[in-house]
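Trainee: I am new to this structure. Please take me through a single part of it, up close.

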Amino acid sequence: MKFSTLLPLGLAIGASANSELTPDKVEADIQTDKLQNVLWNLNKIARDNGGNRAFGFPGYNASIDFILERAVTRFGKHMDTYVQPFTALWESTLEIALTGPDGESVSPISTLLYNTGTPVPDGITAVLADTPIDDTRGSMCFADQWEGVDVEGKIALIKRGTCAIADKLKLAKLNGAVAAVLINNVPGNNIIMATLGVENYPDIVPVVVATYETGYSWKERIAAGETLEVNVLVDALVEERETYNIISETKEGDPNSVVMLGAHLDSVQAGPGVNDDGSGSAALLELMGSFKKYKGFKNKVRFAWWGAEESGLLGSLYYGSQLSEEEADKIKFYFNYDMIGSIAPSYAVYADNEAHQVGGSLLIDYLQANGADAYYGGFGSDSDYVAFLELGIPSSGIFTGAGAPEDPCYHLLCDNLENINWEAITLNTKAAGRAAAEFALNMDNVPPRVKASPNPRSKRGMAKRFDAWANVAKVVGKKHSCSRDGDLATV
């Protein structure tokens with residue numbers, strides 16, 4: 001990577017900021033063609049680097065260089081920027097195959113991130129064991145659902161949906177299954193990529209995701225009394241890899257009073273990630289280019305591009321786990337922008353309480369005033385706001401939807417330039433800019449962070465969570481999980 005040559009700051013030559021900051025000025029700076037240019041570059045980076053910008057792959061390192069060229073080389077006179085390295089467990093499926101009961105090669109199929117390996121080249125051949133479907137609680141999500149279901153030494157046929165896939169696969173392993181075939185939970189050939197979570201890696205069985213149609217056809221045959229034997233092959237490489245967050249903040253503003261904006265820079269391995277989350281990354285880059293032009297704001301504005309979000313929020317959780325109490329106190333509000341250009345957008349603004357709405361109201365009021373059917377939606381557990389919520393920092397953000405109908409290319413190869421609603425990303429970036437400008441000027445009405453949070457995943461718990469992943473990496477680091485001899489094979 002070349003970004004190390006960019007780290008000395010303050011080298012860019014340009015006119016000093018000489019105009020007073022206002023929300024109107026930031027809003028006016030946001031132009032669709034400039035957002036298009038950033039996303040064109042991110043899409044090209046993926047195209048030139050194997051089709052993705054995922055953690056541990058060349059496309060992510062090239063994305064880092066692209067952001068730093070702007071943050072340091074162009075904007076360095078007005079921004080302080082640093083790269084935060086961290087090491088995490090990386091996994092890539094080198095080969096995956098599913099052979100059906102009639103000897104046919106099944107297609108399409110998909111792997112999942114942090115899959116475990118089978119012996120290769122032969123894979124695992126075993127009888128397919130059907131499991132009950134429960135679309136209310138989730139199929140095979142709980143221990144009691146496995147009672148009386150014989151999967152010992154067999155390949156479990158399980159329907160996807162409702163609960164975390166890893167929960168199903170851990171229970172499959174506990175009940176003696178040697179592998180699993182996961183039935184996609186919606187019809188059709190598009191199988192959305194998902195992560196099993198690095199922390200679950202040692203405790204799950206190898207898995208192949210098959211289509212809804214394939215899975216149900218096998219269920220019908222088993223119900224009719226047939227014994228089906230299938231083969232699962234997963235050749236997965238697992239090792240420690242270093243990756244990076246980028247943190248860049250305005251030189252102007254009180255360092256003890258910070259409004260922070262974040263977006264993840266990595267894509268999934270399956271595609272270029274133009275909406276997820278090139279859209280948020282582009283928004284932050286254009287907003288940084290706007291803020292560097294102005295002066296006269298009271299509070300510091302900090303921008304973060306997170307690494308390895310698609311692998312389990314690793315970058316943002318690492319950042320949060322490294323903050324001292326004093327440093328966490330300085331971050332008065334966090335805005336998260338993850339997928340803000342979905343092709344058929346649903347304008348959700350995150351807020352679970354009044355503290356969140358202090359910032360969320362700035363977003364929702366602007367969106368509604370400009371014709372968007374914006375609404376408040378609750379936080380989940382699957383984007384980079386988690387670290388800040390666990391620290392008790394008031395937070396909000398915008399999310400325009402994942403999966404059909406909002407984004408039918410979610411986590412797929414087709415998440416490219418054709419997968420962006422340009423009106424939506426422009427409107428959302430303007431909303432983000434106005435909110436950041438308002439808080440740069442005044443955050444007197446923002447409540448302090450909640451240090452005695454009822455959330456059991458406190459800062460200490462968050463640090464342990466990241467440490468647990470690091471411990472997994474120490475166990476399997478520099479090893480293949482392709483299991484040439486039936487066990488972990490040292491590189």
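Trainee: Which residue in β11 does Asp 254 stand opposite?

Mentor: Asp 254 stands opposite Asn 299 in β11. Keep in mind that this is a predicted model. Now look at the strand, β9, which covers residues 254-264. Strand β9 is mostly covered, with eight of its 11 residues buried. Strand β11 takes in residues 299-306. The two strands pair in the parallel sense, over eight bridges.

β9 also pairs with strand β12, residues 331-337. Those two run parallel as well, joined by five bridges. One such link has Val 259 with Phe 333 as its bridge partner in β12.

Next, the core. The largest nonpolar core has 64 residues. Leu 261, Phe 291, Phe 303, Trp 305, Phe 335, Tyr 337 and Leu 367 touch the most other members. Helix α11 gives this core its largest share, 10 residues. Apart from this core lies another, of 39 residues, including Ala 129 and Leu 196.

Take Tyr 337 by itself. Leaving aside neighbours within four places in sequence, its contacts include Leu 261, Gly 262 and Ala 263. Leu 363, Ile 398 and Ala 432 are also among them.

α11 turns up again at helix α2. The buried residues of α2 include Leu 35, Val 38, Leu 39 and Leu 42. Among the elements that cover the buried residues of α2 are α3 (58-74), α6 (274-291) and α11 (422-441). Just after α2, Gly 50 takes a positive phi of about 80 degrees.

Conventions
Residues are numbered from 1 along each chain as its sequence is written. This is a predicted model: local features need pLDDT of at least 70, side-chain atom pairs count only at pLDDT 80 or more; totals for chains, interfaces and linings use all residues. Side-chain values use heavy atoms; hydrogens and water are left out. Buried means under 20% relative accessible area, exposed over 50%, partly exposed in between (1.4 Å probe, protein chains only). Helices (H or I, at least four residues) and strands (E, at least two) are DSSP runs, numbered from the N terminus. Contact means heavy atoms within 4.5 Å. Two strands pair if DSSP finds at least two bridges between them. A nonpolar core is a set of buried Ala, Val, Leu, Ile, Met, Phe, Trp, Tyr and Cys residues joined through side-chain atoms within 4.5 Å.
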